[in-house]
Amino acid sequence: MNTSTQKPAHFDKISIKGIDKSATRVALGTWAIGGWMWGGTDDDASIKTIHRAIDLGINIIDTAPAYGRGHAEEVVGKAIKGQRDNLIIATKVGLDWTLTPDQSMRRNSSASRIKKEIEDSLRRLGTDYIDLYQVHWPDPLVPIEETATILEALRKEGKIRSIGVSNYSVQQMDEFKKYAELAVSQSPYNLFEREIDKDILPYAKKNDLVVLGYGALCRGLLSGRMTADRAFTGDDLRKTDPKFQKPRFEHYLAAVEELKKLAKEHYNKSVLALAIRWMLEQGPTLALWGARKPEQIDGIDEVFGWQISDEDLKQIDAILAKNIPNPIGAEFMAPPPRDK
């Protein structure tokens, strides 16, 4: 099915507990493919994007029911027909949009919700098993024991191969591990959002977990293509992302310009490649590369086969400290819990 003129990239790979094939250290992220919170979608372009990623050598696709209220999973299901067994399909569970009139997301990791969601996801994806099943957000109204126990039962049943959690704290993961075999922690991680360096990443190293870093390009900031006059319309989440509001937006763009210069002069690489390379050098990490147009994954072959020097790692930190006086994380994305 290789419709691309570009040769497959050489990918570093990483093992995920419970999955019988190694994962490429860059995964295709499909949040934008779902359309919701990203200004709509184009299914034809999305399918071509997935095919392009596979052609280039990516073997792991990360999706979720919450991405377009099931739409991203449906698009992924159409795109992977005939190739499913060659791929690692990761999806999520535990966000419910049926509880409010406006279909806004609420956390719901109850056993009954998970039993329903697994069947819906299998149907939408057109498969009889999911390689990596992740709890999308911790649910303060449901005991972690209940959530972990039902997922472990699904793993033993064969409907899922491996279990992950997303946006969990170290303490929550410790509790989760009492009742289920945990393989993955998915967290926001990129050059601009590095909170997990303090705890999640050391915990992953100690407990043989893989960290799936979402927002690897920080909602496009690290693509090197944004300018100060960029406007965000409709339901685009960047309308409410503090990083994209003045004066912070200009601060982050100034940092990107300096990073772009460093990447070009020291490595003859793009700032995008520098950002992903930095992330992969931090530990047992796997970068989620979000795209919904085929051209948005061009340059993926620049990520591998080189390393950032210790001197330049220090210089990167200095660039951020100089240009971003008030750094901020990804907290704004957290969905609320249900009403009690």
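How many of the 340 residues in the protein chain are buried? Buried residues make up 58% of them, where buried means under 20% relative accessible area with a 1.4 Å probe, counting protein chains only.

This is a predicted model, in which local features need pLDDT of at least 70 and side-chain atom pairs count only at pLDDT 80 or more, while totals for chains, interfaces and linings use all residues. Residues are numbered from 1 along each chain as its sequence is written, and side-chain values use heavy atoms, leaving out hydrogens and water.

**View 1. The protein chain as a whole.** Welcome to the fold: nine helices and twelve strands make up its secondary structure. Here helices (H or I, at least four residues) and strands (E, at least two) are DSSP runs, numbered from the N terminus. The C-alpha trace spans about 55 × 45 × 40 Å along its principal axes. Among contacts (heavy atoms within 4.5 Å) between residues at least 6 apart in sequence, 76% join residues at least 24 apart.

**View 2. K92 in strand β5.** Let us zoom in on K92, which sits in strand β5, residues 88-93. K92 counts as buried because its relative accessibility is 0%. Its side chain makes a polar contact of 2.6 Å with the side chain of D62. A polar contact is a pair of N or O atoms within 3.5 Å; within protein, one must be able to donate a hydrogen and the other to accept it, and residues adjacent in sequence count only if both atoms are side-chain atoms. A polar atom of the K92 side chain also lies 2.8 Å from the backbone oxygen of T63. Leaving aside residues up to four places away in sequence, K92 touches several others, including A64, Y67, E117, Y133 and H136.

**View 3. S121 in helix α3.** Next comes S121, a residue of helix α3, which covers residues 111-125. With a relative accessible area of 0%, S121 is buried too. Its contacts, not counting residues up to four places away in sequence, are P65, E73, T91, K92 and I130.

**View 4. Helix α2 and its cover.** Which residues of helix α2 (residues 71-79) are buried? They are A72, E73, V75, V76, G77 and A79. What covers them includes α1 (43-56), β4 (60-62), β5 and α3.

Definitions and conventions
Buried means under 20% relative accessible area, exposed over 50%, partly exposed in between (1.4 Å probe, protein chains only).
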